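Hi,

Here is the structure I said I would pass on.

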Amino acid sequence: MDNIYLPYLAKIEEIRDEAPDVRSFKLVFEDPALRDSFEFKTGQFGLYSAFGLGESTFCIASSPTRKGYIQCTFRRTGRVTGGLAQLSVGDTMGFRGPYGNWFPVDDWKGKDIVFIAGGICLPTVRSVIWNVLDRRQHFGNITIVYGARTVADLVYKDELKGWDERSDITPSRPWTPARDPGMEGQGRVRADRIGRGRAFCEEHGGRDLHISKFVLNSLLKLGFDEGSVYT
Amino acid sequence: MNPARLSGRMKTVSMADRTLKKEDLGKLIDSVRAKGGRFVAPALLARQVVFRSVKSAEEVATGYILARNSFKEFLFPQTEVIAEFSMNKDSVGLKGVEVDAPETVVFGARPCEAASLKGLRTLFTWDFVDEFYTKREDKTVVITVGCTSGDEACFCTTVDLSPESTEGADVYLRETEDNGYTVKGLTEKGKKFLDTHDAVFTSGAAKERPLFKPETVPAVDLKRVSERLKDRAHYDDPVWAKLTMKCIGCGACTFVCPTCRCFDITDEGTAFEGERRKNWDSCQYDAFTLHASGHNPREHQPQRWRNRFMCKFNFYPEKFSSKGCVGCGRCIRVCPVRLDITEVMQEFSK
Amino acid sequence: MENILRQKAKELLSSGEVKVVIGYGWNRAKTRTTPVFITDAADTDQLVWNPLCVNNLSVYLTRKFKDIQALGKPAIVAKGCDIRNIAVLISEAQIKREDVYIIGMACQGVVYKQELWQGELKPNIMPTKCHNCDVRDPHLSDFVAGEKADFTPPEEPVGMVFDKIRDLDSKSPSERWAFWVKEFSRCIKCYACRQVCSLCYCERCITEKNMPQWIETSAHPRGNLSWNLIRAMHLTGRCTFCGECERACPVNIPLNLVNQKMIMVVKDAFDFKSGYDEKAHPPMIVFSPDDKENFIK
């Protein structure tokens with residue numbers, strides 16, 4: 001019988017602590033055939049099992065351009081994520097998916113792209129970012145606008161640094177509200193490099209990024225048409 | 001009782017190709033059970049008529065309007081194990097569970113509730129095929145009996161169904177004056193069933209009892225309801241609170257509803273072994289949409305009620321081109337505060 | 001009496017003393033009563049009073065109904081039995097006495113379930129609580145509508161619930177266990193019992209707490225038994241036997257038996273009956289130096 005609820009088993013190959021209570025797993029399927037055949041589209045999600053506690057939904061944070069493994073990033077909040085947080089390298093957990101919608105990355109070829117994410121939302125966007133960066137030559141200017149409530153809450157700190165150092169990306173420096181001491185002004189981005197991305201930052205200056213409704217309004221004001229905004 | 005709503009009587013139309021005598025119902029049950037099948041019929045349990053697996057004709061209720069519950073629980077059980085797992089130091093053992101799908105006859109369902117099957121099927125085969133549902137439905141023969149009585153909660157005619165509707169049924173029966181039935185095979189599955197148990201049936205004419213057809217709820221226009229729901233401007237309309245503020249947020253309406261089909265997946269067991277279950281859930285519970293962050297997009301009960309109404313009259317028809325509401329009236333009957341969905345239909349017909 | 005009620009409601013809304021009157025109205029076909037929330041003095045004719053007014057409307061005073069609380073100070077149409085729940089809510093600091101206007105309804109009894117009504121209130125369609133009612137003249141009210149009832153409850157409680165409890169008490173523990181396992185096995189976990197109960201006002205019910213999972217949420221016999229037993233324990237010493245949970249139960253679990261049995265246990269152990277004195281705390285939620293501790297050996 002084809003049991004659509006039966007998860008795949010996956011081993012945790014690597015664990016990275018991203019922020020307080022936020023953790024990333026690199027997962028490798030136990031079934032070698034599946035490692036090769038597993039396919040997903042960027043932006044899709046899965047259900048992650050901590051056996052005995054249940055399953056919980058979050059995105060696949062890695063890019064489909066990276067084969068052989070998937071990554072996920074989650075915040076410890078409830079019963080299942082609490083259970084996942086107790087697992088160690090080498091432990092087995094469950095995954096079923098991929099499910100849901102995806103970003104039509106191939107439609108963006110030749111275009112300039114501004115990525116906007118806040119806090120724990122970066123994992124979804126990260127999948128898209130790496131998908132684009134791994135095929136960098138197909139896309140125009142790339143701007144990454146990312147912020148979190150506090151510096152500590154920024155995820156993928158190493159990768160942010162890497163993006164900051166790349167000459168082919170216009171990053172906004174990690175963006176946190178002014179209430180986080182020592183971070184005043186960090187939301188400003190290098191004005192000469194990003195065109196409308198810069199304008200977005202000024203329009204949006206100092207406000208939280210985490211409510212997509214507000215971000216969308218700012219973008220519309222700047223003349224982005226609704227059809228070119230993907231969420 | 002409102003006599004105006006109960007006065008509708010339909011003319012008797014004979015379309016049967018077999019008859020089932022009252023005293024032969026037991027033989028039919030025996031014949032089904034002898035082949036290893038289960039026979040589900042309305043029967044008394046705790047002072048009310050509900051669908052149950054029965055062993056004899058004596059258990060089968062008569063004179064009922066319709067069973068308190070829907071027969072969906074025999075296709076989509078309230079709780080079922082979908083996987084088993086065991087954990088030890090280095091590994092996890094995981095085993096999928098085979099669906100328990102016995103040959104099943106659902107006898108004595110009403111034409112309204114049988115019409116729910118199309119929507120359930122579409123949902124459970126939408127993108128992914130849920131064999132826990134489809135394998136059971138494939139093995140189920142649904143035998144409906146045209147209604148000869150009803151109550152004020154019945155409103156099938158308001159959603160374009162009637163006691164003569166055959167949608168979702170494999171075999172359609174009509175009660176006869178001598179307490180038997182005329183029998184009409186509708187689908188291939190139904191006809192095959194009748195052939196298989198042919199010895200139980202008789203032929204010949206029988207006088208059918210008149211059907212009970214509820215009058216339509218006044219001032220309801222389904223097209224208008226659908227149109228108004230399409231425009232999401234109604235989302236924040238205070239009319240939702242006005243109509244549904246009394247809702248206490250239990251799940252009784254969703255659990256007896258033949259088209260409601262939301263479920264949750266949950267693990268149970270010890271630290272070493274356990275099972276994963278698929279359990280009915282209800283959009284009327286406040287935790288149904290509660291996010292991990294603490295945010296709840298449907299924080300107020302009227303919003304949850306709005307969702308249920310939208311599901312019946314917008315999502316189901318738009319997405320699946322099937323009926324989200326079959327007018328059985330179960331939600332009205334079980335509601336502890338007597339919230340009547342037809343009153344909301346009236347409001348949105350304006 | 002209906003007119004007195006409507007008049008009073010009109011006065012209260014017109015003067016602004018209350019912002020909403022929580023009462024009973026008719027459904028469309030005028031065959032069943034249903035809760036109504038009247039905010040406009042012009043709408044007070046929607047209020048009705050008759051033996052079909054079974055709902056215990058005090059549930060709408062709890063924090064489960066934030067939309068209703070947002071309307072402003074309520075007046076509530078309440079039978080004596082409903083007022084007992086309001087008294088418990090006050091004693092448990094869920095509501096302040098001055099924050100609700102109680103319109104007490106002198107009562108001759110109501111039907112057990114509205115479906116039973118055939119135009120006349122006969123004893124055989126009344127719930128056990130009505131046969132033993134000592135609050136037909138409502139207590140704790142700001143205003144009483146109707147005449148003093150000519151009714152004295154029997155010395156020894158009568159009715160089906162008490163008969164069945166006596167019957168169960170005469171059985172062995174294993175027979176009783178078998179009885180309850182069977183009754184609870186029908187539970188469909190719809191939580192109508194909890195939602196209709198004004199004393200189940202927790203914002204997060206224990207059955208929704210899952211770290212750890214105290215109660216298995218599946219509607220299998222094990223999960224059903226733990227849910228129903230835990231709910232019974234959480235109501236012990238607090239339940240007023242209003243009967244709403246049994247009335248709301250779609251699968252006819254005899255919850256009145258459980259709750260009345262616990263009431264009898266509490267009466268024997270603490271000489272306490274809930275819902276009469278809004279200043280008295282239910283025994284299971286207070287510690288008193290005089291508590292009998294004879295169970296500690």
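A crossing counts as left-handed if the near helix is turned anticlockwise from the far one by less than a right angle, and as right-handed if clockwise. Before I use that: this is a predicted model, where local features need pLDDT of at least 70, side-chain atom pairs count only at pLDDT 80 or more, and totals for chains, interfaces and linings use all residues. Residues are numbered from 1 along each chain as its sequence is written, chains are lettered from A and ligands numbered from 1 in the order written, and side-chain values use heavy atoms, with hydrogens and water left out.

Now the helix pair. α4 (residues 117–124) and α5 (residues 131–138), both of chain B, cross in the left-handed sense. Their axes come within 9 Å and cross at roughly 140°, which means α4(B) is oblique to α5(B) (under 35 degrees is roughly parallel, over 145 roughly antiparallel, 65 to 115 roughly perpendicular, the rest oblique). From α4(B), Leu117(B), Leu120(B), Arg121(B) and Phe124(B) meet Tyr133(B), Thr134(B), Glu137(B) and Asp138(B) of α5(B), with contact meaning heavy atoms within 4.5 Å. By class, that contact has four nonpolar, one polar and three charged residues.

On to the second largest pocket. Its lining divides into 17 nonpolar, seven polar and 12 charged residues. At least two lining residues each come from β3 (48–54) and α11 (330–334) of chain B and from α9 (244–248) of chain C. α11(B) gives the most, with three.

Cheers

Conventions
Axes are lines fitted to C-alpha atoms, for helices over the stretch in contact, and angles run from 0 to 180 degrees between N-to-C directions. Helices (H or I, at least four residues) and strands (E, at least two) are DSSP runs, numbered from the N terminus. Ala, Val, Leu, Ile, Met, Phe, Trp, Tyr, Cys and Pro count as nonpolar, Asp, Glu, Lys and Arg as charged, and the others, Gly among them, as polar.
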